[in-house]
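Please have the viewer open and follow along.

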Amino acid sequence: MKKQVENGIIYWDLANTFISEEAVIGTGTEILPGVIIEGSTIIGENCKIGPNTRLIDMQIGDNVEIQYTVAEKSKLAEGCKIGPFAYIRPGSNLGKNVKIGDFVEVKNTIMGEGSKANHLSYLGDAVVGAGVNIGCGTITVNYDGADKHTTTIEDGAFVGCNSNLIAPVTVGKDAFVAAGSTISKNVPASALGVARAKQINMENWESPKQRKMKNRG
């Protein structure tokens, strides 16, 4: 596919690209097929946008990569990597070199430099520090049925896979949350938070289907 360069911007396929007249795009940025840029979106230099990405009123720094993503009314600092299949909802502010991976939804959330949520997570109404790892399947439980509440995860914290953080709650600096935990109380700095039931193994257990087949026999 022959690329077309206009005003220092590299387009892979202008026929399959829509760009608002209000948008501003920096030099050296590549726009791949299927990209829709709406409103007053500002994109920095040397970014790679797309394929199949929709941006609405976004502020995007230099050297950002976004693919297969919808992002609106948020800020992405220099070096962020977003997607594939991410959803950045309004009010989010992602710091330098933040990574948001596949099937991650971020809403009204601040994330510090170098933090990452690589897969299958929801971060809503959260304040996340720098250098934080969000494990696969992590959910910030921000809504109690009447009001939204904030989850705070401080610098260097590690949240294990399949964890629920029930807001309002704080995970302290350099703290760990054990995989599979439902955290409803603050985890102090440098502590390990574990909140899961003890495993019980029932020997010689039969499923209802097994018992039914056995009774027939």
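The report below goes from the whole chain to its sheet, its salt bridges and one serine.

## Overall picture

This is a predicted model, so please read every value here as computed from that prediction. Along the principal axes, the C-alpha atoms fill a box of roughly 75 × 50 × 30 Å.

How much of the chain is buried? Buried residues make up 41% of the 217. The accessible surface comes to about 11,600 Å², and carbon and sulfur atoms contribute 51% of that area. As for contacts with a separation of 6 or more, 9% are between residues 24 or more positions apart.

## A sheet of nine strands

Nine strands form an open sheet with parallel pairing, and their order is E4-E7-E10-E13-E16-E19-E22-E25-E28. Strand E4 (24–25) and strand E28 (169–171) stand at the edges; each has a single partner strand, so one side of each is left without a neighbour in the sheet.

For a look at one pairing in this sheet, take strand E22 (residues 126–128) and strand E25 (residues 151–153). These two pair in the parallel sense over three bridges. Ala126 has Thr151 in E25 as its bridge partner.

## Salt bridges

Side chains of opposite charge can pair when their charged atoms come close. The structure holds six salt bridges, and three of them are described here.

Lys3 and Glu30 form one of these, with 3.6 Å between the closest N and O atoms. This pair links distant parts of the chain, 27 residues apart: Lys3 is in the segment before strand E1 (4–6), while Glu30 is in strand E5 (residues 30–31). Lys3 has 43% relative accessibility and counts as partly exposed. Glu30 has 19%, and because buried means under 20%, Glu30 counts as buried.

Glu38 and Arg54 meet in another salt bridge, at 2.5 Å from N to O. Glu38 lies in strand E6 (residues 35–38) and Arg54 in strand E9 (residues 54–56), so the pair ties together parts that are 16 residues apart in sequence. Glu38 is partly exposed, with a relative accessible area of 22%, and Arg54 is partly exposed as well, at 37%. Lys214 and Glu206 also meet in a salt bridge, at 3.3 Å from N to O. Here Lys214 counts as exposed at 57% relative accessibility, whereas Glu206 is partly exposed at 27%.

## A serine in a loop

Is Ser163 buried or exposed? With 0% relative accessibility, Ser163 counts as buried. Its place is in the loop between strand E26 (158–159) and strand E27 (164–166).

What surrounds Ser163? A polar atom of the Ser163 side chain lies 2.8 Å from the backbone oxygen of Gly160. Leaving aside neighbours within four places in sequence, Ser163 is in contact with Gly137, Thr138 and Ile139, and also with Val177, Ala178, Ala179, Gly180 and Ser181.

Terms used. Residues are numbered from 1 along each chain as its sequence is written. This is a predicted model: local features need pLDDT of at least 70, side-chain atom pairs count only at pLDDT 80 or more; totals for chains, interfaces and linings use all residues. Side-chain values use heavy atoms; hydrogens and water are left out. Two strands pair if DSSP finds at least two bridges between them. Helices (H or I, at least four residues) and strands (E, at least two) are DSSP runs, numbered from the N terminus. A salt bridge is a side-chain nitrogen of Lys or Arg within 4 Å of a carboxyl oxygen of Asp or Glu. Buried means under 20% relative accessible area, exposed over 50%, partly exposed in between (1.4 Å probe, protein chains only). Contact means heavy atoms within 4.5 Å. Accessible areas come from the Shrake-Rupley method with a 1.4 Å probe; for residues, only the protein chains shown count as cover. A polar contact is a pair of N or O atoms within 3.5 Å; within protein, one must be able to donate a hydrogen and the other to accept it, and residues adjacent in sequence count only if both atoms are side-chain atoms.
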